[in-house]
Every structure is written in C-alpha cells, then in structure tokens.
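Dear colleague,

Please find below the structure that I am handing over to you, followed by a short account of what was found in it.

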Amino acid sequence: MRVELENLEGGKGEFAHVYQPDELNPIDERVNLIEPAATSGKVRVAGNEVFVNGHINALVQVECDRCLQPVELPVNTDFALDYISGAEYESTAAAELTEADLSLSVFDGKAIDIDEIVKEQILLTVPARTLCRDDCKGICPECGIDRNTGECSCVTDNTDPRWAALKNLT
Ligand SMILES: [Zn+2]
Ligand SMILES: [Zn+2]
C-alpha cells in the first residue's frame, strides 16, 4: 500500500490496512508473517518533509538459532518516521545536513510506501538472536538430531581446552 501525497487533503491523511501474510512474506530470509498483520497511522506533510507515524500489530515466525524450530514472536510496535524527497535531499548540500537529518528517510516525493515501513519496523523488533527456549539444547553437530526431542550416542567433547590442559597437569 502506498499513500499518494497528492491525494492528501490539507497535507494530512490516515491509513489503515490488514496485511495477509502473502502480501509481505518473506519479510526477510529468516522472518515470516504467520497471521494477518494490522497497521494504522497518520501521514502529515510539512514543507519538504513528510511525517509518518503509526502502529503495527503482527505475529511473526523466526527460526530458533540453535535447533531451527519455528519460534513465534508477537510484534506490537509504534513508529514515527521523518521523510524527505530524494530530490530535496540531493539539493541540500551534504555539509548542511545536521546530525538530526541523518535519521531522515528518503522517498520519491510522490508517495510513502507503507509496505516497506511495515517490513522494516517488524525487522527492527526481531532480536538478532532468537532461541525457542533459554535452555534449547540445539542440534547435534555430528548426526543432526534435535537434542530437545531425542538423544544420540555421538560423543561431543564439551571440555573447554583450557581446563583440559590443566587436567593433564595433575
Ligand atoms: Zn531451539
Ligand atoms: Zn548426534
């Protein structure tokens, strides 16, 4: 969904959409939407800038970093973004851009792409590391069995080599 700025009355508008998983998936190679995701918010044009704020409610699925089993993560997030058109951005000399301007997003000057915002904001809420549970035992590096659901007879040496060295001394 795109919000066309020329359709905004008085430079203001609202948006609301419920995304079916198919509309956004894959969000990235490890994150997928598993239920419809709702977003709503407001768009306001002020001079050369466009302010977009809103809310996203979603349920995504990621893989456990250790055992690769699916993990569900609820997403409930607010966002507030500040856009400047690409042309405007380029006509502003780099030297004039202050620190605060670096948080600006650039757009084509015509429309704000809500799909992109929703994907980006969902990804921002997904932690870099996800475990299905804190004590996930992971996958055996020898035979590939999921150690949470089964046991194997592979011998994996978990001894820290530094302690092994000490052991040899005694
Ligand atoms: Zn796991
Ligand atoms: Zn094994």
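Isoleucine 34 has a relative accessible area of 29% and is therefore partly exposed; buried means under 20% relative accessible area, exposed over 50%, and partly exposed in between, with a 1.4 Å probe and protein chains only. This residue sits in the loop between β3 (31-33) and β4 (37-46), where helices (H or I, at least four residues) and strands (E, at least two) are DSSP runs numbered from the N terminus. Leaving aside residues up to four places away in sequence, isoleucine 34 touches Pro21, Leu59, Val60, Gln61 and Glu72, contact being heavy atoms within 4.5 Å. Its C-alpha atom is separated by 9.8 Å from that of leucine 73, 39 residues apart along the chain.

Please note that this is a predicted model, in which local features need pLDDT of at least 70 and side-chain atom pairs count only at pLDDT 80 or more, while totals for chains, interfaces and linings use all residues. Residues are numbered from 1 along each chain as its sequence is written, chains are lettered from A and ligands numbered from 1 in the order in which they are written, and side-chain values use heavy atoms, with hydrogens and water left out.

Cysteine 140 and cysteine 152 both lie in the loop between α3 (114-125) and α4 (161-169), so the pair ties together parts that are twelve residues apart in sequence. Cysteine 140 is buried, at 1% relative accessible area, whereas cysteine 152 is partly exposed at 28%. Cysteine 143 is partly exposed at 44%, and cysteine 154 is partly exposed at 28%. The count of disulfides (pairs of cysteine sulfur atoms within 2.5 Å) is zero.

One aromatic pair was found in a search of the whole structure; rings of Phe, Tyr and Trp (its six-membered ring) pair if their centres lie within 6.5 Å, and planes under 30 degrees apart count as stacked, over 60 as edge-to-face and the rest as tilted. The ring centres of tyrosine 83 and phenylalanine 107 are 5.9 Å apart and the planes stand at 80°, so this pair is edge-to-face. Both residues, tyrosine 83 and phenylalanine 107, are buried.

Yours sincerely
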